[in-house]
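Please find below a colleague's note on the model under review.

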Amino acid sequence: MTDERPNVHVLCSLATLPDLGICEVSVGEGDWPLRGVVVLQHGVVHAYQNRCPHAGHALNLRPNEFMDPTGTWLACRSHGALFDLASGACVAGPCVGDALRRIPVRVVDGSVELVPGVDLHAYL
Ligand code: FES
């Protein structure tokens, strides 16, 4: 998404996130943008880097395919790790005790955007 404000990175619109909705996002230029996933659960927005703590793979294989078959957990398609939506904690699979890396976001005028000052390079 584009935004007229300098240094503001809008990730997605809340209107595109029905409850338990998922939005795959990418911020930055070049070969290594920040790839993330935004989740709306019970009116609260969570955002995580799209990088599994087990082996560093992206969670999904297909666009916006992040949920397990029960619709309860974020799932990694590589080796089956399951993650809590609200905390990013791994609850099953090879990385139990680890967690997805949270991306600091805020909601402004119905849009989910990165908190100003987030260092995109810190997510490489
Ligand atoms: S890379 Fe995600 S479970 Fe192995």
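1. Basis. The model is predicted, so local features require pLDDT of at least 70 and side-chain atom pairs count only at pLDDT 80 or more, while totals for chains, interfaces and linings use all residues. Residues are numbered from 1 along each chain as its sequence is written, and side-chain values use heavy atoms, with hydrogens and water left out.

2. Largest pocket. The space in the largest pocket is about 230 Å³. A pocket here is an open set of points on a 1 Å grid over the protein atoms alone, where a 1.4 Å probe fits, with protein on both sides within 12 Å along at least five of seven lines; lining residues have an atom within 4 Å of a point. The volume is the space filled by probe spheres set on the points, which are joined across faces, edges and corners.

3. Pocket lining. Asp31, Trp32, Pro33, Leu34, Arg35, Gln49, Asn50, Arg51, Ala58, Tyr123 and Leu124 line this pocket. By class, 6 lining residues are nonpolar, 2 polar and 3 charged (Ala, Val, Leu, Ile, Met, Phe, Trp, Tyr, Cys and Pro count as nonpolar, Asp, Glu, Lys and Arg as charged, and the others, Gly among them, as polar).

4. Charge over a ring. Tyr123, one of the lining residues, has Arg101 over its face, at 4.2 Å from the ring centre. The criterion places NZ of Lys or CZ of Arg within 6 Å of the ring centre and within 35 degrees of the ring normal.

5. Cysteines. The whole structure contains 0 disulfides, a disulfide being a pair of cysteine sulfur atoms within 2.5 Å. For Cys23, which is in no disulfide, the nearest cysteine sulfur is that of Cys12, 3.7 Å away. Cys23 is buried, at 14% relative accessibility, and Cys52 is likewise buried, at 2% (buried means under 20% relative accessible area, exposed over 50%, partly exposed in between, with a 1.4 Å probe and protein chains only).

6. Loop residues. Strands are DSSP runs of E, at least two residues long, numbered from the N terminus. Gly56 lies in the loop between strand E4 (44-49) and strand E5 (74-75), and Asn64 lies in the loop between E4 and E5. Asn64 has a positive phi, near 60°, and is partly exposed at 42% relative accessibility. Asp109, between strand E8 (105-108) and strand E9 (111-114), has a positive phi near 50° and is exposed at 79%.

Key
Helix = DSSP H or I, 4+ residues; strand = E, 2+ residues; numbered from the N terminus.
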